[in-house]
Every structure is written in structure tokens, then in C-alpha cells.
Amino acid sequence: MRLLTHNMLSCNIKGVTNGFPLRLEVEKFVEKEVEFNSDFLKNMFVKIEWKALVNAARSMGYEELPEEADSSMLDSDEFLKKFHHALLELHLEEGALICPETGRRFPVNKGIPNMLLHEDEV
Amino acid sequence: MSSRPELQAPPEIFYNDAEARKYTSSSRITEIQAKLSERALELLALPNDDMPRLLLDIGCGSGLSGETLSENGHHWIGLDISQSMLNVALEREVEGDLLLSDMGQGLGFRDGVIDGAISISAVQQWLCNADKSCHNPRLRLKAFFGSLYRCLARGARAVLQVYPENIAQRELILGFAMRAGFAGGVVVDFPHSSKSRKEYLVLTCGPPSISTAVPNGKGEDEESCSDDESSGDEENQTVSISDRHRPRKKQKIGKKGRGREWVLKKKEQMRRKGNVVPPDTKYTARKRKDRF
């Protein structure tokens, strides 16, 4: 699972009002090279919760992202490269996602998060 | 026993390892899936600017439909309830991200982040049945469309390809989509053909406007049904119910046998499946000499 997906996911257990961002529990992560496309990054930037992305990248040991970011930084190639790497090339392979409100664990196996809810959570 | 998989078992049980592999290795299904997703992408009507979008593939299965999205340069997130199907998708190294998730429980995404959603033969098949005691099709449809509406960006579209069992089912699905706030309707491709008829729900996020007008289906007017379709279906446009139970016509073989063209077609099919097939020569499908 890429951090792009992590940035979009939120916990949808019934009654949870603030299910974002899911905390990452990293056991194993991999890096896969992806084609660079600056248009896509610029398009996605407005939708990304920056703080969540920075924290998620940190939990995988990638510290290069600046604490704060705004749209003026999108002109710099260097920034875009880092953004690209964090967003699309870091994959969570094994571990878990944890709901910030209820502490419910969603296990991640072979890169696939198991988001199935129990009967009483729907 | 019906041939509809949804009437046999719930998806996570029906698509076990064997069935998932069978599904993905069938060249017929791969071809149909590719065609359906191609058409669904067309109906999504994304702005034509070569910009990669973030799309959702609901009921992605082994990633057959996602492949079409990747080919068109989009990023996608696929979700499916069958672990076996997702395992096959992993083996095929699809480019999108996969989630094990039940669409009837709602989609867990942030608001307004997705640029479009497609779903190929999944929604009505797996949402309209009560497979467990806690399942209520109405609640599941409501949760699905509600969460889909929330996670789509304003003006984004969702194209859901469905095979409704009957009119009531189609109305049920559409009703819940409208109640969730979607505008749009049903596009029927090849409405006069029983074989290649395909229905797509084209839903637009937001209030009705010019941009939400439902596009026309293919083959509605004089356009021919499809390349290999016989004209028989077009002529009698009203199909009576009793017709359905008529045994299927056997393909007639003429005096001359099946002919070279047919043999070449079959050989090509076998090749696509990966079988060892002798090469085509001038002797292919030639008749043996009459010795008597």
C-alpha cells in the first residue's frame, strides 16, 4: 500500500467522527520505483493532508519532507522529487493501521490492508 | 442451479482460490472485462488533458479492470472482499493499491478526494443479497452510495456496470443512488441484443446540470449490434418471456464442415490461452483426399 492510499483512508467504524489519519505500525516496507509525473503531483497536492503524509513517511524512516508545505513550493523540482518518493514509492508491506479514535487494528498483509469490519462496527 | 454467481454463495466464499484462478485465466472473461472497463472509463468522461487521476475500482477482483486504468495512465485504488482474488491480483503485479474491504459496509475514504469510480459487475451482484443474518440489502446499498458520494470530488462521476435481475432491482439500486445525492441514470449499450446488452449506471456527484446529462448508449439506433452478432436479435425487438426458456440453438454446420476461417479462429484462441498449437500452413483445415 502506498502512502497515497494511506492518506485517503479513514476509519469508517460506526460512530467514529475523526477516523483520520490512521496510525501506521510498520513491520516491513519496500520501495518501488514509479514514473515521475509532476502534473499528477500538483493535482494531488491540494487533496493531500500534508501533516499525515509527513508523519507516515517518518514512520518508514524517510525524513526529507519539510514540516510545512504550500503550493508555492510546487515549482521546485527538488521538492517534487521528495513528494513523489514519499507519496508513490514507499509501500507498506507488513504491519497494521490503527484507528486514532478507537485504537482498532487493521492488519496489513502482503501490502493489502484488511479493512473488513465486524458485525457490531457497521 | 442458476448461472449467476451471486445466487450460489457470498463473494468471499464463491471466489475461493480455484475459482479466482479460473476467472482470471479465462481468455473470454479477460476480454469481456477489458472491454467493459474500457467503456466504463469512456463513460467517466474525465477531462481530456492527459492528467493522471486517482480512481477507485470497486470490486476490483484480480485487477483485470484496473489494468485498463493503468494502461490509460491513471492511479487507482482497488477494493474487493475476496482475499483469493486479491492474491491473484498480487501475483499479476497490478499497479494499483489493493484493499480488502466490503463495499456494503461503506467505503472508508476521506471526503472529496477521489476523481472517479468504476465498478464492473459487482454492485448489484454482491450488494442486493442478504448473505448473512446481519445483512440488509437496503442498509448496505445506503451505506455504499452514501460513502461513495462523500469520497468523490464534486462533479466527479461513478460508472457502475450492472446486470440487474429484474426491473425492481434496477429501480432499487437507482433509488438509493438518487437518495444519496447522485444525479444521472442508466446507459444501455446494445439494448436490442440479449447477448451483448450491457447496462451502466452513470452517476454524477452534485446537483443535475448540463454536464450531468446521461450519455447515449451504443447500438441504440441503426448502429449494428456488434461485429459478431447475428442480425436475428435486432429483428424481433420484443422478446417474450417464454422465449427465454427455449433451448439454445445449436450452431449449424453446413455440408462443407466448419471451414478454414473457423479453424484459424479456434487456433488463435488456443494460442492466446497458451496452449501449444501447430503453425498455420496452407494445409490447415484442408480436406483429406477421398480414397473411396
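A:K110 lies in the loop between β3 (105-109) and β4 (112-113) of chain A, where helices (H or I, at least four residues) and strands (E, at least two) are DSSP runs numbered from the N terminus. The phi of A:K110 is positive, about 50 degrees, although this residue is not a glycine. A cis peptide bond, with omega near -10 degrees, joins A:F20 to A:P21; A:P21 is placed in the loop between α1 (3-8) and β1 (23-31) of chain A.

The model is predicted, with local features requiring pLDDT of at least 70 and side-chain atom pairs counted only at pLDDT 80 or more, whereas totals for chains, interfaces and linings use all residues. Residues are numbered from 1 along each chain as its sequence is written, chains are lettered from A and ligands numbered from 1 in the order in which they are written, and side-chain values use heavy atoms, with hydrogens and water left out.

The predictor gives the complex an ipTM of 0.89 and a pTM of 0.74. For chain B the mean pLDDT (the predictor's confidence in each residue, from 0 to 100) is 80, and 81% of the residues reach 70 or more. Where pLDDT is low, predicted coordinates should not be read in detail.

Chain A and chain B each bring 30 residues to their contact. The buried area (accessible area, 1.4 Å probe, that two parts lose on being put together, summed over both) is about 2600 Å², with 58% given by carbon and sulfur atoms. On the chain B side, B:D97, B:Q105 and B:R110 lose the most area to chain A, together 27% of what that side buries.

Over all chains, 17 salt bridges are found, defined by a side-chain nitrogen of Lys or Arg within 4 Å of a carboxyl oxygen of Asp or Glu; across the interface of chain B and chain A there are 3. In one salt bridge, the side chains of A:K47 and B:D115 meet at 2.3 Å, N to O. This pair crosses between chains, from the loop between α2 (38-45) and α3 (50-59) of chain A to strand β4 (residues 114-120) of chain B. B:R110 forms a salt bridge with A:E49 (3.8 Å, N to O).

Voids were searched on a 1 Å grid over the protein atoms alone: a cavity is a set of points where a 1.4 Å probe fits but cannot get out, a pocket is an open set with protein on both sides within 12 Å along at least five of seven lines, and lining residues have an atom within 4 Å of a point. Grid points are joined across faces, edges and corners, and a volume is the space filled by probe spheres set on the points.

The second largest pocket has a volume of about 910 Å³. Its lining comprises 38 residues, with A:N12, A:V122, B:Q105, B:G106 and B:A143 nearest the centre. Helix α7 (residues 137-151) of chain B gives the most to this lining, with 8 residues. By class, the pocket lining has 14 nonpolar, 13 polar and 11 charged residues (Ala, Val, Leu, Ile, Met, Phe, Trp, Tyr, Cys and Pro count as nonpolar, Asp, Glu, Lys and Arg as charged, and the others, Gly among them, as polar).

The whole structure has 1 cavity of 30 Å³ or more. The largest cavity has a volume of about 90 Å³. Of the 13 residues lining the largest cavity, A:N12, A:M115, B:S101, B:G106 and B:G108 are the closest to its centre. The lining of the largest cavity divides into 7 nonpolar, 5 polar and 1 charged.

Key: Contact means heavy atoms within 4.5 Å.
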